[in-house]
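Dear colleague,

Please find the structure below.

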There are 2 protein chains.
Amino acid sequence: MAGSELTNIKSPRVKAVRRLTKRAFRDRDRSFLAEGPQAVREALALDGVVVELFATAEAGTRHADIVAAATAAGVPVHRASGEVMAELAQTVTPQGLLAVCRFVHVALDRAVTADARLVAVLAHVRDPGNAGTVLRTADAAGADAVVFTDASVDPYNGKCVRASAGSLFHLPVTTGAPVAQAVRRLKDSGLRVLAADGAGERTLDDVDLSGPTAWVFGNEAWGLPEEILRLTDEVVRVPIYGRAESLNLATAAAVCLYASARSQRAGSRTPAPRLP
Amino acid sequence: MAGSELTNIKSPRVKAVRRLTKRAFRDRDRSFLAEGPQAVREALALDGVVVELFATAEAGTRHADIVAAATAAGVPVHRASGEVMAELAQTVTPQGLLAVCRFVHVALDRAVTADARLVAVLAHVRDPGNAGTVLRTADAAGADAVVFTDASVDPYNGKCVRASAGSLFHLPVTTGAPVAQAVRRLKDSGLRVLAADGAGERTLDDVDLSGPTAWVFGNEAWGLPEEILRLTDEVVRVPIYGRAESLNLATAAAVCLYASARSQRAGSRTPAPRLP
């Protein structure tokens, strides 16, 4: 590891890193924080993403492979005291590893291409934990990209990064485009754009999902506004068979994305039969 | 509303209610707290569940229908100051309504009957938010019951009640049975018992889900232990098409429960074709 252990939580270096918990500083430095062995390992798998790594003595020993990978990649590794790590990390029980990473998102046109078969769009998702969970689920469902529009939470928010469980580093993510621009690009790329919303006339089970599809997910509390619903090709709802009023946003997204993944892989061109 | 406004957070009455945030006191009184208009409305829809209702002046005005329903049902309604409500409620922004409710769970044999077609079993779920989300999703998917085993979180934990978004009051919930006893009851009732676990050889897409099915969900971090996997009829995994290592527990449960709901309603007896 480089230099001596960082022990002073008030040192300029610690403060500079700590600032990245705030969006304004992330945007200025085009950098963010990834915590814990899983996220750090995934970040190191991408060339040039990790700028520097902080590790407690204990974590450095336990995850010697990660420290070795960082060193091999020419990434400076700093030893940090437990107190400094607690100051830098945003979790109650930091796992002793924290990386400063360069932004990994790409431009909309690079994230969404004519090859795309499944894309998730977070149109008004405000809760970073939900956003990260949708990102993780989209990755699991084999999505080609995830679009964070300008009205959604910052994908580099610490809670989002943690909830994504490394998926932020797995598939193309784009952020900051207005929803209308994102929908246009998706349509131009040959995807059918479906809004997931309780206002839909047809349910997931009634729609042919075998073709290239983009799902647009709205706000946790109020769904999607009328002007966004109008932009899409169809509004589709997740069927509610019981008495729940609605589904949690991340849950609804999982049901939609996996229904698409399944239909696309089954190669079926006909919707499931509709039964009462 | 009965009596004068409660303003003293140290009064015995306020303290007695506040104690219900702790499991030992809930178990002793066989009572729990339901917060917010949605949960209180659902609780009032069940006979004899709400013991007493607390409302701030503002919430009492905004939700006059709920206060009227409580009064009509003979439920004492107490006006509480904002400070008292903040003391009683477990949310940062309490919505001004809080009900003391009697336990609503039923015995295992009453929750799981020969009529059941879809049951969710929380075998080792420790996070109350996840448990409540699974309960809400099971309700949405039309499940007949939700089983909390003795190794899972208390369904009356405040976070679980909130995450269930009223679903705790919608379908039969049972709690406290050892997992082996629950699985035996499910099998005796004619359900096929599937463990949702990454160790499964077959995926969701390869299994016939059209018959009566119980899904067993494990721990957020380590899944299901071998001795529980052995009790079940089959271990089934959610397919991971992308690069995510796994899914969040509540997300995986949503995919499983909705796959079952869809298969059962489509009436298909053949599994989806398996493609590479």
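A polar contact is a pair of N or O atoms within 3.5 Å; within protein, one must be able to donate a hydrogen and the other to accept it, and residues adjacent in sequence count only if both atoms are side-chain atoms. This is a predicted model, in which local features need pLDDT of at least 70 and side-chain atom pairs count only at pLDDT 80 or more, while totals for chains, interfaces and linings use all residues. Residues are numbered from 1 along each chain as its sequence is written, chains are lettered from A and ligands numbered from 1 in the order in which they are written, and side-chain values use heavy atoms, with hydrogens and water left out.

Within chain A, the domain assignment (bounds from an automatic or database source) gives domain 1 (2-102) and domain 2 (108-266). Three residue pairs are in polar contact between these domains of chain A, both residues being at pLDDT 80 or more. The rule also finds three salt bridges across this interface (a side-chain nitrogen of Lys or Arg within 4 Å of a carboxyl oxygen of Asp or Glu). Arg23(A) forms a salt bridge with Asp154(A), with the closest N and O atoms 3.8 Å apart.

Between the chains, 37 residues of chain B are in contact (heavy atoms within 4.5 Å) with 38 residues of chain A. Two salt bridges are counted between chain B and chain A. Arg262(B) forms a salt bridge with Asp205(A), the closest N and O atoms lying 3.8 Å apart.

Yours sincerely
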